[in-house]
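Please view the sequence and the model first.

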Amino acid sequence: MNNSIVKNITRFIGFTLIQVLVLRGINLGGAFNYISVILYPIVLLLLPLRTPNIGLLFIGFFLGLVIDGFYETPGVHAATCVAVAFIRPYLLELLTPRGGYNLSYELVPAHYGYQWFFRYAGIFLFIHLLIYFSLLLFSPLFFVQILIRTVVSFIFSMVFTLIYTRLFL
Amino acid sequence: MRNLILFFIKYGHFLLFIGLELVCLFLIVRYNRTQRDIWINSTNIISGNASNTFDSWTEYFNMKEEAKRLAGENAKLKEQLFNKQVSSLPSKDTLTLEDQQYFLIPAKITNKSTNHPDNYFTLNKGRKDGIRPDMGVISSNGIIGIVKTANEDYSRVITILHRQSAISVSNKTTKAYGTLKWNQDLDYRYTSIEAYPKHAKLTIGDTIITSGYSTHFPEGIEVGVVEEFEIPKSEYFYKIKVALSNNLNKVKYVYVIENLKQQQQLEVERADE
């Protein structure tokens, strides 16, 4: 139990640092300007199953505010994280594996398989990016741009998620 | 109380979600330049539409007030028109108070009859508002009658649909004049003219206006048009049926004409007798 808390706090700090120090700086310019690699939602993604809903919302809110502090977009990441934190329990219910969840297991490929994990992470990240860019551009007038940026960023973010999963999970 | 706690257990995280999102939205709109501009623009469009709709509703509810205001304004305009006629200096464009002979008081009919041999209207203004007996009463379409009595708040009008009513009218084109008399047909759309001389020309459709030969009405207020007439063999006058321009059954708002020089005129006329 304690092990799990330490792990999650470490992940929180680690991903925040990677996101704001490394990934934020990625700017390929030109046509690739649309790309922003967003990896920190993995913190919310991997929170233990037994985390209460209210706790999820508060953790999401806090994580978002910290990221916003560095991105200089007060509220945008926070609103996105709160939204996905709210959606997470319903998403997990939707993706219940055949044998059901084991409350003491972490939500990692080792327990539920790569296929399940990438479906879960994919949907989670896509929703996150879609909300994020919607709030960033903030108008239905930019619908096409929101969609393009979401898809492009989703592909790159998923690649990074894959790398992370292969290396550490 | 128990239900309330259960409610919060069940929907607490949803309420928290809404609350946190509202905080975030506030932060976004408050501290992000582009989002704030978009927000302000969009809300302006929405609130503009909303206030337009709201305005059209309140407009409807303010109609009564508006009607009152317009009646007052109309009274002012009619005053100017009548006073222009009596103004001795034709070159003068504006009227000073000394020129002003006629004042108009807008009023509303609170009680009326049109289907008796003698018809009266009751107005919602009285002595307090400056209404005195013998003042003329008109509406925007034509004449109504003459004030008979007035107390503090109300006044009673002898309409042109009354046996005692006799108003001097003239033909707009020939200027020949007669007296408007209620023919007691009990049809409020028509009345008749008596004492219109036989030698004067008359055609059906001629416009009848007030002659101005009385202290009640200024000259030129529309009364109606000649509907039909006959020339009785043994009499000196036409028998004329007039279609009134004013629908007395429908009329609701009227103006009472105050003639400032009425007393002077009557004085000089009486002195002669």
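**Barrel, helix pair and chain contact**

Author: In chain B, six strands form a closed barrel in the order 6-7-8-11-10-9, with antiparallel pairing. From one strand to the next the twist averages 45°. Strands (E, at least two residues) and helices (H or I, at least four) are DSSP runs numbered from the N terminus, and two strands pair if DSSP finds at least two bridges between them. The model is predicted: local features need pLDDT of at least 70 and side-chain atom pairs pLDDT 80 or more, while totals for chains, interfaces and linings use all residues. Residues are numbered from 1 along each chain as its sequence is written, with chains lettered from A and ligands numbered from 1 in the order in which they are written.

Reader: Which residue of strand 10 of chain B does Ile209(B) stand opposite?

Author: Strand 9 (residues 207-210) and strand 10 (residues 222-230) of chain B pair in the antiparallel sense over three bridges. In strand 10 of chain B, the residue opposite Ile209(B) is Glu222(B).

Reader: Are helix 1 and helix 3 of chain A roughly parallel or roughly antiparallel to each other?

Author: Helix 1 (residues 2-22) and helix 3 (residues 53-71) of chain A pack with axes 10 Å apart, at an angle of about 25°. Axes are lines fitted to C-alpha atoms, for helices over the stretch in contact, and angles run from 0 to 180 degrees between N-to-C directions. Angles under 35 degrees count as roughly parallel, over 145 as roughly antiparallel, 65 to 115 as roughly perpendicular and the rest as oblique. Helix 1 and helix 3 of chain A are therefore roughly parallel.

Reader: Which helix of chain B gives the most to the side that touches chain A?

Author: The contact (C-beta atoms, placed from the backbone, within 7 Å) takes 15 residues from chain B and 16 residues from chain A. Helix 1 (2-31) and helix 2 (33-61) of chain B each give two or more residues to that side of chain B. With 11 residues, the element of chain B that gives the most is helix 1.

Conventions
Two residues are in contact if their C-beta atoms, placed from the backbone, lie within 7 Å.
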